[in-house]
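Welcome! Take a look at the structure, then read on.

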Amino acid sequence: MAFDFCYLFFFSMAFGILTGFGLSYLFKIYESFNKYPIKETSLILMNGYFTYLLGELIGLSGIISLFTCAIIMGHYCFMNISEESQKGTGLAFETVGYMC
């Protein structure tokens with residue numbers, strides 16, 4: 001039982017870290033996204049949903065994967081997007097947080 005918990009926890013974290021760093025690397029390499037703030041914001045929102053959905057589909061904890069991915073994206077993605085996208089993404093997450 002303890003092994004199952006550790007397996008689920010660590011692999012879910014690893015998946016979240018992988019997807020968070022993947023998007024951060026994408027924004028760092030392709031600076032052309034800075035011209036399209038809507039696309040940047042959409043990719044950030046969709047990456048969170050993708051992480052949750054795929055984590056659940058492969059038998060991991062989607063919540064832990066999403067939480068880890070959000071921490072990584074908040075620290076690394078936020079520095080690599082345009083200022084307009086930073087404001088838009090912050091506003092989008094505040095709106096979703098208010099509605100829930």
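Helix H3 gives the most to the lining of the largest pocket, with six residues. This is a predicted model, where local features need pLDDT of at least 70, side-chain atom pairs count only at pLDDT 80 or more, and totals for linings use all residues. Residues are numbered from 1 along each chain, and side-chain values use heavy atoms, without hydrogens and water.

The pocket (an open set of points on a 1 Å grid, with protein on both sides within 12 Å along at least five of seven lines) has a volume of about 230 Å³. Its lining (residues with an atom within 4 Å of a point) counts 14 residues, and Ile-44, Ala-70, Met-73, Gly-74 and Phe-93 lie nearest the centre. By type, the lining holds ten nonpolar, four polar and no charged residues. Each helix below (a DSSP run of H or I, at least four residues) supplies at least two lining residues.

| Helix | Residues |
|---|---|
| H2 | 37-57 |
| H3 | 62-77 |
| H4 | 83-99 |

How do the axes of H2 and H3 cross? They come within 8 Å and cross at roughly 150°, which means that H2 is roughly antiparallel to H3 (angles over 145 degrees). Their contact (heavy atoms within 4.5 Å) involves Ile-44, Asn-47, Gly-48, Thr-51, Tyr-52 and Glu-56 of H2, and Gly-62, Ile-63, Ser-65, Leu-66, Cys-69 and Met-73 of H3. The residues of this contact divide into six nonpolar, five polar and one charged.

Note on methods: 1 Å grid on protein atoms, 1.4 Å probe; cavity = no way out; pocket = protein on both sides within 12 Å on 5 of 7 lines; lining within 4 Å. Points joined across faces, edges and corners; volume = space filled by probe spheres on them. Nonpolar A, V, L, I, M, F, W, Y, C, P; charged D, E, K, R; others polar. Axes fitted to C-alpha atoms, helices over the stretch in contact; angles between N-to-C directions. Parallel < 35°, antiparallel > 145°, perpendicular 65-115°, else oblique.
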